[in-house]
Amino acid sequence: MNIGEAAQSSGVSAKMVRHYEEIGLIPRARRTLAGYRMYSESDVHTLRFIKQARNLGFSIEQIEQLLKLWQDRRRPSRKVKELAQEHIHELEERIREMQDMKRTLETLAKHCHGDDRPDCPILAGLEKMLPLSGPRRPLDGARKKKRASPSGAASCH
C-alpha cells in the first residue's frame, strides 16, 4: 500500500510515517519504479504499535526499546515490565510537576483583579522565579534516562 493508505490504516499521519522511517523506527519503505513508497501490513502493524506507545506518552527512545523487545520473541517479559514501570514513575513525576504548576497559576489568578487596571499579579509572578517543588524540566519528554529496577518486576501478570 502507498503512504496515504498506510497512514490511514495505521492512524499515523503520512508526515509521521516518513519521520519514523527517517529515524529508523520503521524500515525504509520499498519504492516503486516511480519512486513511491510502498508499505506492507507488517509496516502498518508496527505503525499502530508506535502510535499506541506515543498515546501512552513513551518517548521515541523508549519506543525504540519497546520495538526491539516486541520483535524479540525470546525476550523475558520482565524487561518490558521494567520499562513500563519506569515510564509510570516518570508520568507520576510529571503529574506532580503539573499539579505544582496548576497550584501556582491558581494562586496567581486568585490575586489578579481581572479588571481594566494594568497591574497584574500573574505577569508579575511570571517575571519572578517562582518556587515550585521538585526539579523543573520540559514537558516534551526531553530528559536523561534513569535506569530503575523496580521490585517485583519478575513477571508480567
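Modeller: Helices (H or I, at least four residues) and strands (E, at least two) are DSSP runs, numbered from the N terminus. This is a predicted model, in which local features need pLDDT of at least 70 and side-chain atom pairs count only at pLDDT 80 or more, while totals for chains, interfaces and linings use all residues. Residues are numbered from 1 along each chain as its sequence is written, and side-chain values use heavy atoms, with hydrogens and water left out.

Colleague: In what order do the elements of the chain run from the N terminus on?

Modeller: The order is α-α-β-β-α-α-α-α. The chain has 6 helices and 2 strands.

Colleague: What pLDDT does the chain average?

Modeller: The average pLDDT, the predictor's confidence in each residue from 0 to 100, is 86, and 82% of the residues score at least 70. Over residues 138-155 the pLDDT is below 50. That stretch has 29 contacts in the model beyond near neighbours in sequence, a contact being heavy atoms within 4.5 Å. Where pLDDT is low, the predicted coordinates should not be read in detail.

Colleague: What share of the residues counts as buried?

Modeller: Of 157 residues, 27% are buried. Buried means under 20% relative accessible area, exposed over 50%, and partly exposed in between (1.4 Å probe, protein chains only).

Colleague: Which residues have the most contacts inside the largest nonpolar core?

Modeller: They are V17, Y20, I26, Y39, I50 and I63, in a core of 21 residues. Helix 1, helix 2, helix 3 and helix 4 each give two or more residues to this core, and helix 4 gives the most, with 5 residues. A nonpolar core is a set of buried Ala, Val, Leu, Ile, Met, Phe, Trp, Tyr and Cys residues joined through side-chain atoms within 4.5 Å.

Colleague: What is V17 in contact with, leaving aside its neighbours within four places in sequence?

Modeller: V17 contacts I3, A7, V12, I26, Y39 and L47.

Colleague: L47 belongs to helix 3. Which residues of helix 3 are buried?

Modeller: D43, V44, T46, L47, I50 and A53 are buried there. Their cover includes helix 1 (3-10), helix 2 (14-22), strand 2 (37-38) and helix 4 (60-71). Helix 3 itself covers residues 41-55 and reaches 21 Å from its first C-alpha to its last, close to the 21 Å expected at 1.5 Å a residue. The expected span is 1.5 Å times one less than the number of residues. After helix 3 comes G57, with a positive phi near 85°.

Colleague: And helix 5, how many residues has it?

Modeller: Helix 5 (residues 77-110) has 34 residues and reaches 49 Å, close to the 50 Å expected. Its buried residues include L83, Q85, E86, H87, E90, E93 and R94. Helix 4 and helix 6 (121-127) are among what covers them.

Colleague: Where is R31, and what does it touch?

Modeller: R31 lies in strand 1 (residues 30-31). Not counting residues up to four places away in sequence, R31 touches Y36 and R37. R31 is partly exposed, at 47% relative accessibility. The C-alpha atoms of R31 and N2 are separated by 9.4 Å, although these residues are 29 apart along the chain.
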